[in-house]
Amino acid sequence: MNHFDALPRTLRGWFDALKSFLRRPAPSAGAQTAGADAPSLSQQSDATAQTGAFWRDIEAQLPEFAWLTDAQRQRLRALAEAFLRRKRFWGAHGFEVTPEVAGLIAYHAALIAHRAGLFIYDGFAGVIVYPGAFVRQRRLEDEWGVVHEWEDELSGETWEQGPVVLAWHEARDATMNSFLHEFAHRFDAASGTIDGCPPLPPEISPRAWQRVWSRALARAEEEAKHGLALPFDEYALAGPEEFFAVLTESFFLHGEALQTWDDAVYSHLVALYGLDPVQQRVQRSKEPRE
Ligand SMILES: [Zn+2]
């Protein structure tokens, strides 16, 4: 249940103005209550340089990215190492951030930064990791003085200022990946506002981006209204910023369906990330197996 979308529109505008949190509902029930906005942070990992064997182990846990070339893997490892050096990790609710946990999260951060580079993460100090989905208590007083209180159950959260917050156990399955989702929000934020338009590569003008993405979002809204199945989570329709983050997940996990649905959006994501999962999967399948 997305409580945010259930709010009256006037309140929603007010809420937007706060501009402080972007989050997605957790996919499953059974969340832990996160004690409002001050989690008990216990563990902390100090990153050290990792070996090739370490990264091979991380990559072995990520068969969904088996299409990456050796050159891309080298760059991703270098980016992930630099991310580990620059960012701090905290475990909430007793969760232990092991080097493997930090490495796996850093590898996802690297995928999003593959072309743009790590400058996109300059705006935050680190990552808080909860063991599972966490609950945020929300409280808002509207313009009539009525206080609204509700709970959001989340698998990830991004604040304009402040750390990225992730839930370890609900983070990834075949159709969703909240690590990619939250780092895509950080990428978006690197342009100055979280509005669904990240810093763009030189070959894409802001006008072209706007045209392609607003047209795609309008089409998705129309198709959902008519009961058609979308090739991505309908949470994408919560706004341009969620559309970008959810379609980024879709691009990495099942790009074929996204490309078939809207080739222009897919091409923009290829340019943005410097990766082409669909083409590279085809390429990979032609290579002789060892
Ligand atoms: Zn989101």
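Select residues 88-92 and 126-130: strand 4 and strand 5 pair in the parallel sense over 4 bridges. Strands here are DSSP runs (E, at least two residues), helices are runs of H or I with at least four, and both are numbered from the N terminus. Pairing requires at least two DSSP bridges between the strands.

This is a predicted model: local features need pLDDT of at least 70, side-chain atom pairs count only at pLDDT 80 or more, and totals for chains, interfaces and linings use all residues. Residues are numbered from 1 along each chain as its sequence is written.

Pick Trp-90. The bridge partner of Trp-90 in strand 5 is Ile-128.

Of its 5 residues, 4 are buried, so strand 5 is largely enclosed by the rest of the structure. Buried means 20 or more other C-beta atoms within 10 Å of the residue's own, exposed 12 or fewer, partly exposed in between, with C-beta atoms placed from the backbone.

Next, select residues 164-167. Strand 8 runs parallel to strand 5, joined by 4 bridges. Ile-128 has Val-165 as its bridge partner there, and Val-127 stands opposite Val-164. Colour strand 8 by face: Val-164 and Leu-166 are buried on one side, Val-165 and Ala-167 on the other.

Zoom out. The chain has 10 helices and 8 strands. Of its 290 residues, 36% count as buried.
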